[in-house]
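Student: I would like to go through this model with you before I set anything up. Could we start with the terms and then take the helices in turn?

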Amino acid sequence: MITINDLDFHLGNTVLFQSASAQISTGSKVGLVGRNGCGKSTFFSLLTGDYIPDGGSISIPGDWQIATVKQETPALEISALDYVIEGDLKYQQLQRELESAVASNDGNRIAEIHTELEIIDAYTIKSRSSALLIGLGFTQEDLERPVKEFSGGWRMRLNLAQALIVKSDLLLLDEPTNHLDLDAEIFLESFLKSYRGTLVIISHDRDFLDHTVNKILNIENYRLTAYTANYTEYEIQKAEKITLQNAMYEKQQRAIAHMQSFVERFRYKATKAKQAQSRLKALERMEKIAAVHAESPFHFSFRTPDSLPNPLITMDNISLGYGEHVVIKKLRFNLVSGARIGLLGKNGAGKSTFIKFLAGELAPLSGDVTFSKGIKTGYFAQHQLERLRLNESALKHMQLLAPRTPEQELRNYLGGFAFAGDKVLENVSTFSGGEKARLALALIVWEKPNILLLDEPTNHLDLNMREALTMALQDYEGALVVVSHDRHLLKSTTDNFYLVDDGIVDEFNGDLEDYQKYLLEKQKQLIEQNNLKNQEKADLNKPKELSWKEKKQLEYNFKNEIRPLKQQITRLDQQIAELTKKKAELEITLADNSIYNDENKSKLAELFTEQNDVTSKLEETEMLWLDLSEQLEQRQQDFEKIISGGKPC
């Protein structure tokens with residue numbers, strides 16, 4: 001269990017937590033929510049020990065393994081699969097210890113390490129890592145590609161896979177869906193449902209929270225408030241709490257007004273002065289109930305388009321792509337006024353390519369397209385944020401767009417996107433990603449488009465702004481085409497889904513729940529195919545089982561092959577025996593003292609020369625015998641492995 005007790009923490013001059021207390025039960029799946037800047041990411045840093053509380057305490061079991069997602073990925077030469085496996089530090093440590101134990105021939109430690117490896121499910125780490133990567137959108141070929149070849153978004157997926165592969169007790173995920181498409185998000189959601197440890201997630205995706213958490217921890221007014229609920233249930237409970245608190249506030253305000261009126265009327269009358277003083281003291285002691293406001297800072301709506309031509313865009317046998325690379329082919333599609341379309345499909349299938357084409361930013365490779373007169377397109381994509389002028393303010397952007405509109409009207413309009421007061425005068429260069437996204441939306445909404453194209457519009461938006469966008473889109477009168485991993489937005493704003501897959505854009509017959517079932521089944525098939533390929537590779541390296549007849553034939557051939565080698569070793573044995581005998585005879589002769597008399601000088605010299613020759617010849621023969629004996633032993637071991645079904649060295 002995690003226990004937070006009277007937590008105080010300041011980041012610079014900003015108070016983030018003050019006397020905050022909460023408990024997170026072991027195995028809970030918790031959604032951490034609160035307005036931007038309230039301290040959600042800081043809370044993670046307190047849990048990991050990167051920050052130390054100014055007061056109070058955070059208690060986490062000492063033996064827990066905590067997994068988090070790294071924010072940076074170096075440009076490494078190793079493969080994507082090996083990179084993910086490296087994320088399991090316990091596995092890496094045991095592998096190093098195993099190598100050391102094998103080198104020192106420590107049988108007991110080797111057995112212990114194999115037991116520890118089995119406990120952490122190490123023998124399936126490669127297949128589990130492959131399944132994770134495929135589920136997160138990587139192809140079979142991607143698994144062997146070097147990490148350095150992947151873009152930033154894909155490297156973040158690798159970091160996510162690294163965190164998920166660990167057998168952790170506490171998993172902390174900060175906006176894990178930011179770099180995922182809907183397909184990968186559905187896989188992640190399925191994976192987290194089966195996660196057995198304690199999970200804490202920061203996310204602005206309400207459907208993702210609804211499907212993955214069973215408890216909400218809300219950071220508000222520097223405190224932590226726990227709700228046993230998913231996100232939707234939390235919103236209901238919080239609304240009820242706000243209603244109750246506001247009712248109590250109003251009741252208290254009436255009581256205060258009544259007492260103040262009594263005090264004002266009677267405090268100077270002798271007969272009532274004592275009672276008036278008593279009520280005055282009661283007012284001073286009364287713990288004031290604060291009014292609670294649940295209103296979002298965002299309030300806007302799409303303006304009615306000037307015209308609604310029908311059809312808006314007509315396409316016949318269109319091919320889309322880049323150079324010789326065709327992404328979408330045989331496209332026949334009419335975009336009509338009032339259409340509300342959600343695009344489905346894996347990352348890289350062509351959804352963004354299709355939207356770029358509809359926006360007029362990509363010419364078709366072939367086919368016929370007709371854009372009706374009077375169409376006005378509002379196009380939101382992540383690269384649109386880069387087109388904002390960093391050295392200009394939000395107000396200046398609006399004034400250039402609507403030079404004849406009074407400044408106060410533009411300020412009021414920007415206020416609906418939470419740009420209030422002096423914020424409208426700040427340069428865009430100081431804006432966060434969410435603020436830039438809100439400004440880009442504000443510029444699009446003002447233009448009154450009759451075609452609205454949204455490519456992942458919620459990536460930088462918090463829950464309140466997402467809800468405001470969803471509400472505004474429900475009343476939008478033009479044609480809408482949207483790509484998003486936010487299922488709440490898709491369900492609430494679209495009527496039809498089109499699947500982009502294998503170069504084809506075709507209507508998907510079903511809702512998002514049907515798509516989720518379709519997707520999980522497809523991912524299951526891909527994982528099974530990957531496992532089958534790995535098994536086929538293993539089978540190729542595995543020798544076939546030999547028949548009795550084949551074994552006998554191999555044994556016969558082997559004996560014939562090694563016969564010359566054995567004969568040579570036998571001859572060397574005889575030579576070694578003869579040389580050893582000769583050396584011993586010379587040593588006996590040289591041991592006789594008479595051989596050293598003057599008359600035997602010439603003979604003594606001959607004996608020494610012969611002894612040196614015999615010794616040298618014996619050493620050479622022994623070395624050759626040793627080399628040939630090792631060859632014979634190795635060939636015998638190889639033969640035994642072949643016969644038993646192994647591979648020769």
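Tutor: One term is needed at the outset: a residue counts as buried when its relative accessible area is under 20%. Please also bear in mind that this is a predicted model.

Student: Understood. Which residues of H16 are buried?

Tutor: In H16, the buried residues are Leu463, Met465, Arg466, Ala468, Leu469, Thr470, Ala472 and Leu473.

Student: And how far does H16 reach from its first C-alpha to its last?

Tutor: Helix H16 covers residues 463–474, twelve residues in total, and reaches 17 Å between those two atoms.

Student: What is found at the start of H16?

Tutor: There, Asp462 places a side-chain oxygen within 3.3 Å of the backbone nitrogen of Asn464.

Student: Changing topic: what is the secondary structure of the protein?

Tutor: The protein has 20 helices and 18 strands. Of its 649 residues, 43% are buried. Taking contacts between residues at least 6 apart in sequence, 69% join residues at least 24 apart.

Student: At what angle do the axes of H5 and H6 cross?

Tutor: The axes of H5 (residues 125–135) and H6 (residues 152–165) cross at roughly 140° and come within 10 Å. H5 is therefore oblique to H6, because only angles over 145 degrees count as roughly antiparallel.

Student: Is that crossing left-handed or right-handed, then?

Tutor: The crossing of H5 and H6 is right-handed. On the H5 side, the contact is made by Ile125, Arg128, Ser129, Leu132 and Leu133. H6 contributes Leu158, Ala161, Leu164 and Ile165.

Student: Now Phe208. Is Phe208 buried or exposed?

Tutor: Phe208 has a relative accessible area of 0%, so it is buried. Its place is in helix H8, residues 206–212.

Student: Which residues is Phe208 in contact with, leaving aside neighbours within four places in sequence?

Tutor: Phe208 is in contact with Pro176, Thr177, Glu185, Leu188, Glu189, Leu192, Ile201, Ser203 and Arg487. The C-alpha atoms of Phe208 and Asn230, which are 22 residues apart along the chain, are separated by 9.8 Å.

Student: Finally, how many residues of H7 are buried?

Tutor: Nine of the twelve residues of H7 are buried, which leaves the helix mostly covered. Among them are Glu185, Leu188, Glu189 and Leu192, and these four residues are also in contact with Phe208.

Student: What about the span of H7?

Tutor: The end C-alpha atoms of H7 (residues 182–193) are 17 Å apart, in agreement with the 16 Å that its twelve residues should span at 1.5 Å a residue.

How values were computed: Residues are numbered from 1 along each chain as its sequence is written. This is a predicted model: local features need pLDDT of at least 70, side-chain atom pairs count only at pLDDT 80 or more; totals for chains, interfaces and linings use all residues. Side-chain values use heavy atoms; hydrogens and water are left out. Helices (H or I, at least four residues) and strands (E, at least two) are DSSP runs, numbered from the N terminus. The expected span of a helix is 1.5 Å times one less than its number of residues. Buried means under 20% relative accessible area, exposed over 50%, partly exposed in between (1.4 Å probe, protein chains only). A polar contact is a pair of N or O atoms within 3.5 Å; within protein, one must be able to donate a hydrogen and the other to accept it, and residues adjacent in sequence count only if both atoms are side-chain atoms. Axes are lines fitted to C-alpha atoms, for helices over the stretch in contact, and angles run from 0 to 180 degrees between N-to-C directions. Angles under 35 degrees count as roughly parallel, over 145 as roughly antiparallel, 65 to 115 as roughly perpendicular and the rest as oblique. A crossing is left-handed if the near helix is turned anticlockwise from the far one by less than a right angle, and right-handed if clockwise. Contact means heavy atoms within 4.5 Å.
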